[in-house]
Amino acid sequence: TVYCIHHPDEDVRYYCFTCLCPPICAECVIHGIHKNHEVLNIKKAYPQVKTKIQDIVGSIMSKMDELNVHQNSIQNRKKEYLEHNEAIKQQTMNLFDEIRHRIDL
């Protein structure tokens with residue numbers, strides 16, 4: 001048995017769609033902060049809540065896939081930048097070596 005956080009001696013039996021909070025007891029629905037809210041028995045609310053959660057999880061997974069694509073793109077750009085940077089460093093060193101060589105002649 002799960003008890004209400006506002007009324008510890010009452011079993012939770014309802015879900016408030018207005019607040020989307022943890023399940024609540026009859027006392028909360030009738031006299032408490034959830035009075036006049038959209039409330040449904042937990043058993044009847046379960047399929048709706050489950051569907052909403054599945055939709056949210058699907059959306060999150062889609063966003064994670066998008067983020068992974070962007071992360072891979074950023075990693076590829078970083079690799080290209082570092083390779084380009086290294087090539088420029090090497091060219092600069094080669095030019096300085098050539099200048100030193102010409103000065104020594």
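**Exercise 1: Met61 and its surroundings**

Take Met61, which at 47% relative accessibility counts as partly exposed, and work out which element holds Met61 and which residues form a nonpolar patch on the surface.

*Solution.* A word on the ground rules before the steps. This is a predicted model, in which local features need pLDDT of at least 70 and side-chain atom pairs count only at pLDDT 80 or more, while totals for chains, interfaces and linings use all residues. Residues are numbered from 1 along each chain as its sequence is written, and side-chain values use heavy atoms, with hydrogens and water left out.

- Step 1: check the class of Met61. Buried is under 20% relative accessible area, exposed is over 50%, and partly exposed is in between (1.4 Å probe, protein chains only).
- Step 2: Met61 sits in helix 2. Helices (H or I, at least four residues) and strands (E, at least two) are DSSP runs, numbered from the N terminus.
- Step 3: gather the patch. Its members are Ile53, Ile56, Val57, Ile60, Met61 and Met64, and together they have about 560 Å² of accessible area. Patches take residues with over 30% relative accessible area and no salt bridge; like charges are joined within 9 Å, and nonpolar side chains (Val, Leu, Ile, Met, Phe, Trp, Tyr) within 5 Å. The areas come from the Shrake-Rupley method with a 1.4 Å probe, and for residues only the protein chains shown count as cover.

**Exercise 2: Ile33 in its loop**

Find where Ile33 lies, which residues it contacts beyond its neighbours within four places in sequence, and what distance separates its C-alpha atom from that of Met61.

*Solution.* 

- Step 1: Ile33 belongs to the loop between helix 1 (26-30) and strand 2 (39-41).
- Step 2: with a relative accessible area of 58%, Ile33 is exposed.
- Step 3: once the neighbours within four places are set aside, Ile33 is in contact with His6 and Cys28. Contact here means heavy atoms within 4.5 Å.
- Step 4: Ile33 and Met61 are 28 residues apart along the chain, and their C-alpha atoms are separated by 34 Å.

**Exercise 3: Salt bridges**

How many salt bridges does a search of the whole structure find? Go through the pairs.

*Solution.* 

- Step 1: set the rule. A salt bridge is a side-chain nitrogen of Lys or Arg within 4 Å of a carboxyl oxygen of Asp or Glu. The search turns up three.
- Step 2: Asp11 pairs with Arg13 at 3.4 Å, N to O. Asp11 is partly exposed at 27%, and Arg13 is partly exposed at 48%.
- Step 3: Arg100 pairs with Asp97 at 3.2 Å, N to O. Both lie in helix 2 (residues 42-104), three residues apart, about one turn of the helix. Asp97 is partly exposed at 43%.
- Step 4: Arg102 pairs with Glu98, with 2.9 Å between the closest N and O atoms. These two are also in helix 2, four residues apart, again about one turn. Arg102 is exposed at 59%, whereas Glu98 is partly exposed at 39%.

**Exercise 4: Cysteines and aromatics**

How many disulfides does the count come to, and how many aromatic pairs?

*Solution.* 

- Step 1: a disulfide is a pair of cysteine sulfur atoms within 2.5 Å. The count comes to zero.
- Step 2: look at Cys16. Its closest cysteine sulfur, in Cys19, is 3.8 Å away, so that is too far for a bond. Cys16 is buried at 0%, while Cys19 is partly exposed at 37%.
- Step 3: turn to the rings. Those of Phe, Tyr and Trp (its six-membered ring) pair if their centres lie within 6.5 Å; planes under 30 degrees apart are stacked, over 60 edge-to-face, and the rest tilted. The count is one aromatic pair.
- Step 4: that pair is Tyr15 and Phe17, edge-to-face, with 5.0 Å centre to centre and 80 degrees between the planes. Both residues are buried.

**Exercise 5: Positive phi**

Where do Leu20 and Asn36 lie, and what is phi near in Leu20 and in Asn36?

*Solution.* 

- Step 1: recall the background. Most residues other than glycine have a negative phi.
- Step 2: Leu20 has phi near 55 degrees, a positive value. Its place is the loop between strand 1 (14-16) and helix 1, and Leu20 is exposed at 52%.
- Step 3: Asn36 has phi near 70 degrees, also positive. Asn36 lies in the loop between helix 1 and strand 2, and is exposed at 74%.
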